[in-house]
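Work through the exercises below with the sequence and the 3D structure at hand. Each task is followed by a solution in steps.

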Amino acid sequence: MRFRSLTLDQLRIEDERSYRHIGLYEELKRALVRDRVPFRVPAPGARPSWDRVLFLNLTFWSPDAPADVLEDDSIPADVVMHSAWHHLARRAFNAAGGSPSTSPESLFLGESIASAFDLYLVGRLVGHSPDASFLETQVPAMAEVAEASGVSEEAFEKMLEEIAAEPERAFEDLRQLLFDASRALVRAGSVDDAALALEAFEGHRFGALLHHYELSNWILYARAYAREVGGPDARAMEIDAALRAAPVSLDWLEKNWVFAESGGPAATDGREGSG
């Protein structure tokens, strides 16, 4: 199977209407178009299965030059935003003289931001766009993982209500969990060490969702390719500390990563749209 590289303006974006109330969507999309970030699309006539596409995306990827593999020349709007956060993380570390693969911390920072933003989207969509295709896939998958961790259906529904009530807080809480857990696990020396590391996060409000995310891929990639820099990566830890200290961490990311690159808000101002 052969692939061609297309940029976002050459792709058909699916379900954009569900995100009209999220002003940040347009800014994230604009970042991908502006920098001509490539996506890998099967050559005309090729029809890879979703399982094949998922395998390629999870196994053969690089934070240095990400290029998501798509089933065809369409892309879901949520994937646009997820890809944009990876791109902005790469730009931030390149500007500082490094790259997202330089250290485990810098790799995990970009991954945790992109994945936590998916949870933020769940919170924003539940009340505004309950028919969004993203919810149709994400919520059942989250519920399954939560149930396997012993969370009742009622408790999971309450969790969703809390995420919808404070999606920005949910973003930061999950971002911290993913960042802290992956940092602890990447340096675990044995199965016992890893099990103890995981147990330490069981009391977190989103601890039951931890296995919903592809931590094994993150950790295996970091162990294979990331380079230790004589201790925790100072630049990544500085950004992590700034996000923890910010009243709203997404506001910090908008100012320092999104709007700093685009010159300021476009038609909308920040995360809230006019619709």
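## Surface and overall make-up

The chain has an accessible surface of about 13200 Å², and carbon and sulfur atoms account for 50% of it. The model is predicted.

**Exercise 1.** State how many helices and strands the chain has, what percentage of its residues count as buried, and what share of the contacts with a separation of 6 or more joins residues 24 or more positions apart.

Solution. 
- Step 1: the chain contains 11 helices and 4 strands.
- Step 2: 48% of the 275 residues count as buried.
- Step 3: among contacts with a separation of 6 or more, 81% are between residues 24 or more positions apart.

## The nonpolar core

**Exercise 2.** Find the residues with the most contacts inside the largest nonpolar core, and name the helix that gives the largest share of this core.

Solution. 
- Step 1: the largest nonpolar core holds 78 residues, and those with the most contacts inside it are Tyr-19, Leu-28, Trp-85, Phe-117, Phe-206 and Trp-257.
- Step 2: helix 4 supplies the largest share of this core, with 12 residues.
- Step 3: as background, nonpolar side chains in soluble globular proteins tend to be buried together.
- Step 4: leaving out residues up to four places away in sequence, Phe-117 touches Leu-24, Leu-28, Met-81, Trp-85, Phe-171 and Leu-250.

**Exercise 3.** Decide whether Ser-115 is buried or exposed, and list what Ser-115 touches.

Solution. 
- Step 1: Ser-115 lies in helix 4, which covers residues 104-128.
- Step 2: the cut-off for buried is under 20% relative accessible area. Ser-115 has 7% relative accessibility, so Ser-115 counts as buried.
- Step 3: when residues up to four places away in sequence are not counted, Ser-115 touches His-82, Leu-174, Leu-178, Tyr-213 and Trp-218.

## Aromatic pairs

**Exercise 4.** Count the aromatic pairs and classify the pair formed by Tyr-19 and Tyr-25.

Solution. 
- Step 1: ring centres must lie within 6.5 Å to pair, and the count comes to 5 aromatic pairs.
- Step 2: the rings of Tyr-19 and Tyr-25 are 6.0 Å apart centre to centre, with 25° between the planes. Planes under 30 degrees apart count as stacked, so this pair is stacked.
- Step 3: Tyr-19 is buried, at a relative accessible area of 1%, and Tyr-25 is buried at 2%.
- Step 4: elsewhere, ring pairs join Trp-85, Phe-117 and Tyr-120 into a cluster.

**Exercise 5.** Repeat the analysis for helix 10.

Solution. 
- Step 1: the 12 residues of helix 10 (residues 234-245) should span 16 Å at 1.5 Å a residue, and its end C-alpha atoms are 16 Å apart, which agrees.
- Step 2: Ala-236, Ile-239, Asp-240 and Leu-243 are the buried residues of helix 10.
- Step 3: they cover an arc of only 100° around the axis, which puts them on the same side of helix 10.
- Step 4: the exposed residues Ala-234, Glu-238 and Ala-245 sit on the face of helix 10 turned away from its buried side.

Notes. Residues are numbered from 1 along each chain as its sequence is written. This is a predicted model: local features need pLDDT of at least 70, side-chain atom pairs count only at pLDDT 80 or more; totals for chains, interfaces and linings use all residues. Side-chain values use heavy atoms; hydrogens and water are left out. Helices (H or I, at least four residues) and strands (E, at least two) are DSSP runs, numbered from the N terminus. Buried means under 20% relative accessible area, exposed over 50%, partly exposed in between (1.4 Å probe, protein chains only). Contact means heavy atoms within 4.5 Å. A nonpolar core is a set of buried Ala, Val, Leu, Ile, Met, Phe, Trp, Tyr and Cys residues joined through side-chain atoms within 4.5 Å. Accessible areas come from the Shrake-Rupley method with a 1.4 Å probe; for residues, only the protein chains shown count as cover. Rings of Phe, Tyr and Trp (its six-membered ring) pair if their centres lie within 6.5 Å; planes under 30 degrees apart count as stacked, over 60 as edge-to-face and the rest as tilted. The expected span of a helix is 1.5 Å times one less than its number of residues. The arc is that of the directions from the helix axis to the C-beta atoms.
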